[in-house]
Amino acid sequence: MELFSAQSFLLFFLLSLYVYLLFNGTSKKKSINKGFKSYPILGTLPEFWQNRHRFLDWTTETLSSCPTNTAIFRRPGKTGIITANPSNIERMLKTNFENYPKGDRFIALLQDFLGRGIFNSDGELWKVQRKTASYEFNTKSLRNFVMENVTVEINTRLIPILTRASETVRVLDLQDILERFAFDNVCKLAFNVDPGCLGGDGTSGAEFMRAFEDAASLSSGRFMYVIPVMAKINKFLNIGPERRLRNAIKTVHEFADDIIQSRAEQKVEKEADLLSRFMANEENSPEFLRDIVISFILAGRDTTSSALSWFFWLLSSRPEVEQNILQELEKIRVQNGKDIGDSYSFDELREMHYLHAAITEAMRLYPPVPIDSKACLNDDIMPDGTFVKKGWFVSYHTYAMGRMESMWGENCLEFLPERWLENGVCRQESPFRFPVFHAGPRMCLGKDMAYIQMKSIAASVMERFEIEAEDKDKDLDTLLSLTLRIKGGLPVNVRKRSACVDAIN
Ligand code: HEM
């Protein structure tokens with residue numbers, strides 16, 4: 001009996017100590033504050049649990065306080081590092097590229113949604129997709145993309161929607177509009193299909209759009225399970241988010257299958273567009289073609305719309321930046337004998353350095369892909385001395401990098417396009433310091449195309465309309481899906497610009 005009491009007491013004491021450490025940490029840990037707090041068995045889990053609703057900001061604060069901006073993140077059954085250190089990023093994305101593939105875990109979590117599409121494959125499967133797709137991103141395709149695709153969507157769909165909103169004083173969700181625009185655009189470019197999501201009253205294609213959004217956010221939610229095995233259990237039982245994910249994926253697959261089937265029934269040239277290039281290889285199964293379609297929709301729909309949503313929100317509270325952009329546009333119009341409302345050519349878009357800098361600056365603060373992960377194949381030592389064990393994950397934190405005082409100076413949190421300009425020209429930054437478009441052999445294929453699309457939209461909208469975000473003076477909540485979106489959308493008021501009204505009159 002006495003022995004039992006002694007054991008109970010000891011157990012009670014140890015448990016109390018553990019709970020105390022769990023929720024308070026040690027004062028020593030608090031004062032040093034280097035890296036994530038780690039507890040026996042549970043690792044970083046308690047801190048992760050407390051901060052999961054503010055994951056990006058919490059991890060940013062932690063990395064800023066680490067001497068080399070790198071920290072170890074432990075969860076039961078899953079350990080890895082998160083880094084915001086350019087030298088480490090160069091090693092994982094370029095110099096030791098072969099050692100850092102996407103890895104089995106990443107691929108397994110996204111497999112249901114993305115299959116083995118370019119975003120979710122390694123090795124030969126990735127290489128062959130990269131090579132085939134890269135033909136679609138040459139300068140000739142880019143020029144055609146501007147003239148045939150972006151300009152038409154702007155003039156026939158986007159501007160009429162904004163004009164109606166300005167006349168009826170209707171509040172618009174600009175994020176939603178931009179996603180529809182980008183979706184129409186990428187479908188036309190990659191598969192020559194016009195889903196008309198932005199057409200009509202702007203509600204067509206709604207079911208597919210919602211399903212795609214759900215599939216992306218629920219798939220990325222699998223990475224955020226506090227106890228990772230719960231995702232598998234939910235999937236096995238087909239309950240909770242996994243049930244919703246299954247339904248969303250079914251809708252997305254049906255849409256992609258329709259595109260492939262109708263294309264198979266047409267006689268299309270082998271190199272007419274991205275899909276026909278992949279279909280030319282008869283070994284590619286319909287399921288693989290479907291994976292390719294979905295990856296490209298994801299690449300094109302969710303990235304530029306995210307960047308532009310944050311850009312318009314930032315601009316709402318920075319009238320001087322807006323004026324600088326308008327002045328640049330006016331200068332280009334005068335030089336080229338154009339009026340407001342005339343479309344900008346590929347070369348004119350390239351002259352817009354201030355606008356380029358402003359969009360880049362928006363992406364520094366709100367990168368569309370804020371954090372990205374790889375797996376470590378063999379033990380490695382990072383340039384900053386961090387040891388990485390075989391099987392660990394390695395994430396680079398683009399969002400944190402954009403907010404590092406050590407990299408961008410004291411005003412790192414300010415929206416300041418000027419920091420990108422040298423003698424009026426937007427300067428290039430090392431992709432390892434600014435990995436918004438990734439870096440190394442897997443660098444984004446669509447970077448130039450994305451800038452063309454974003455600059456065309458921003459220029460055409462800004463010279464005709466004043467866009468005022470309803471929440472311009474509030475901090476917005478972020479929604480961490482596979483891309484960084486604004487939680488609840490971006491409600492804006494749209495007014496015709498007086499200079500533009502004068503020009504029309
Ligand atoms: C602001 C716009 C964009 C940003 C910030 C962006 C960013 C990125 C990032 C971070 C990756 C690496 C993802 C990973 O593998 O983990 C990536 C890859 C890729 N992006 Fe983009 N992207 C943008 C627009 C586009 C557009 C418009 C397209 C094409 C329509 C595109 C096509 C691709 C493709 C095909 C890859 C895969 C490259 C590979 O794995 O080899 N991107 N992008």
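A: Begin with burial: a residue is buried if 20 or more other C-beta atoms lie within 10 Å of its own, exposed if 12 or fewer, and partly exposed in between, with C-beta atoms placed from the backbone. Helices (H or I, at least four residues) and strands (E, at least two) are DSSP runs, numbered from the N terminus. By these rules strand 7 is mostly covered, with 4 of its 5 residues buried. The model is a predicted one: local features need pLDDT of at least 70, side-chain atom pairs count only at pLDDT 80 or more, and totals for chains, interfaces and linings use all residues. Residue numbers start from 1 along each chain as its sequence is written.

Q: How many helices and strands does the protein chain have, and what percentage of its residues is buried?

A: The protein chain has 21 helices and 13 strands. Of its 505 residues, 41% count as buried.

Q: What does the radius of gyration of the protein chain say?

A: The radius is taken over C-alpha atoms, and the globule rule is 2.2 Å times the number of residues to the power 0.38. For 505 residues a compact globule would have a value near 23 Å; the protein chain has 24 Å, so the two agree. The C-alpha trace spans about 95 × 55 × 45 Å along its principal axes.

Q: Which strands does strand 7 pair with, and in what sense?

A: Two strands pair if DSSP finds at least two bridges between them. Strand 2 runs parallel to strand 7, joined to it by 4 bridges, while strand 4 pairs with strand 7 in the antiparallel sense over 5 bridges. Tyrosine 396 in strand 7 is the bridge partner of threonine 83 and also of aspartate 372.

Q: Why is helix 5 described as largely enclosed?

A: Because 7 of the 10 residues of helix 5 (residues 86-95) are buried, the rest of the structure largely encloses it. The buried residues are Pro86, Asn88, Ile89, Glu90, Arg91, Met92 and Leu93. Their cover includes strand 1 (70-75), strand 2 (78-83), strand 4 (371-375) and strand 7 (393-397).

Q: How many bridges join strand 13 to strand 3 and to strand 10?

A: Strand 3 and strand 13 (residues 491-496) share 2 bridges, with leucine 172 opposite valine 492 and aspartate 173 opposite proline 491. Strand 10 and strand 13 share 5 bridges, and glutamate 468 has asparagine 493 in strand 13 as its partner.

Q: Which residues come nearest to the ligand?

A: A residue is near a molecule if its C-beta atom, placed from the backbone, lies within 6 Å of it. Of the 23 residues around the ligand, Ala299, Thr303, His438, Cys444 and Gly446 come nearest. Helix 7 (123-134), helix 14 (286-316) and helix 20 (447-464) each give two or more residues to the shell, and helix 14 gives the most, with 6 residues.

Conventions: Contact = placed C-beta atoms within 7 Å.
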